[in-house]
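The following note concerns the packing and the sheets of the model shown below.

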Amino acid sequence: MTKIWVATRKGTFRVEQQGGSWTATLAGHAGTGVNYVARDPSSGRLWALLGHGHWGAKLSVSDDGGASWRDNAAQVKFPDGARYIGQDMFEDAASDFGVGWRVVTRKATLQKLWTIAFGADGTIWIGTIPGGLFSSRDGGASFELNRALWNHESRGGDLFEGDGTGETKWFGTPASEGGEFAPGIHSIVVDPRDPRRVLIAISTAGVLETRDGGQTWRSRNRGMTMDHSPEPEAEWGHDPHVIDLCSSNPDHVWQQNHAGVFYSTDGAERWRKVSVPDVGVHFGFPVSADDKDGRVAWLVPGRADSQRMAIDGGLFVARTDDGGSTWRQLRKGLPQTGAWDIVYRHALDNRDDLVVFGSTTGNLYLSEDRGETWTTVSHNLPPIYSVRVG
Amino acid sequence: MIQVHLTRHLFAFFPQLEGRVLEVEAASVAGAVAELERLAPGIGFYICDERGRLRPHVNLFIGNAMVKDRRTLSDAVAPGDKLSILQALSGG
């Protein structure tokens, strides 16, 4: 039976059909911030990425479908000597803003567990703030920082061994739980054909790809544009909000970016902007690619970065069936007045004809006909961070 | 031996410690946390980050005095001391 895992600010919820209707049940971590919950298809184990606030970020696992949870014996930790280039704010009377920024090199400690992905070879990948990618090749018995990415030239080189170049092209996101403006890895997509090929996306840097299981990485930002930047086509500095690929046609990759919606048909070698602002398709956080047809994707648009709310108080999902040439607004069953929801980057998912999303207002909506009509699962969940089918 | 008093919130994650008188042999706060880790594997990473620094919203007291060295927990403890591990009242 299909299950949907919903990660919220106050716990993990399981959604399944009970007596003909979809019902959300508290499945663990009551009172704790949960950034992401997903099931490893090869082991069946559930993984929850927790943010305890006082007690830090923790990995929690369940082997009984969410009936019981325990902290994973191996936690994600930055190794001794891991440093990164960041920025510190300081008082600056000469600045119009009263503050200035200075570049600093600081020791890395885990601030946030943000996303998890599973390769067909059993590799578990975890993306964190500040910008660390960790992997486990022993089923989660140990996690190792990917040093090739951590030491990437775009990030200032190897700070384990020295001071590197002193310059980073990775900027920050306010999504860290420590309040620091540090880069974060929120998207990891593993090619189902070849688990050594992995795409990741970083706020704020862009997309990178490995084809050798993480030994080498290169940027994948050709065709991307930043309307807000003096150098719109720069290699780095992009703000992907999330990326997703079509599992049966993995060269079809979708990206909801701060600066619009982008689509690639060649495995992210080159991106093409497919925003259509006239139908409200431009800004937003999530995108979900269809499993079978690479031309099909769903979005939940919001009104520009200046508002980040549903457009004009009417919530809709947008779907394209033709690679972004045209988009349909799917509104049937969704509130069309007084709705100001925003949907976070991991809070939309699909499988077969099922499409489901949740908002920070605690609303969870579900469609069993690819978005044509919607039903409400709940109006009363805590703020929703992630929704995953599986 | 020093006696360790934990905020009850930690018992949610380490129920094996609830209701016990926690006494450990240690000469410093760091040593006491290491002993706690032996009793309840994983608890050290709740109290400190991976560099051994006290987490920002966690406070430690020896008796009524707040621990001074939050970076390496080098404050000395003596037999009979009571070490309290508390969380700041914050959040929502």
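Which residues touch the most other members in the largest nonpolar core?

1. The structure is a predicted model, in which local features need pLDDT of at least 70 and side-chain atom pairs count only at pLDDT 80 or more, while totals for chains, interfaces and linings use all residues. Residues are numbered from 1 along each chain as its sequence is written, and chains are lettered from A and ligands numbered from 1 in the order in which they are written.

2. In the largest nonpolar core, of 102 residues, those touching the most other members are A:Val6, A:Leu49, A:Ile116, A:Trp125, A:Ile200 and A:Leu299. A nonpolar core here is a set of buried Ala, Val, Leu, Ile, Met, Phe, Trp, Tyr and Cys residues joined through C-beta atoms within 7 Å; buried denotes 20 or more other C-beta atoms within 10 Å of the residue's own, with C-beta atoms placed from the backbone. A second, separate core has 21 residues, among them A:Trp55, B:Val4, B:Tyr46 and B:Leu60.

3. Beyond neighbours within four places in sequence, A:Ile116 is in contact (C-beta atoms, placed from the backbone, within 7 Å) with residues including A:Tyr36, A:Trp47, A:Leu49 and A:Trp125.

4. Chain A has an open sheet of 4 strands, ordered S10-S11-S12-S13, with antiparallel pairing. Strands are DSSP E runs of at least two residues, numbered from the N terminus, and two strands pair if DSSP finds at least two bridges between them. Strands S10 (112-118) and S13 (144-145) of chain A each have a single partner strand, so one side of each lacks a neighbour in the sheet. A:Ala117 has A:Trp125 in S11(A) as its bridge partner.

5. Strand S3 (residues 58-62) and strand S5 (residues 82-87) of chain B run antiparallel, joined by 5 bridges; B:Val58 stands opposite B:Gln87 in S5(B).

How values were computed
A residue is buried if 20 or more other C-beta atoms lie within 10 Å of its own, exposed if 12 or fewer, and partly exposed in between; C-beta atoms are placed from the backbone. Two residues are in contact if their C-beta atoms, placed from the backbone, lie within 7 Å.
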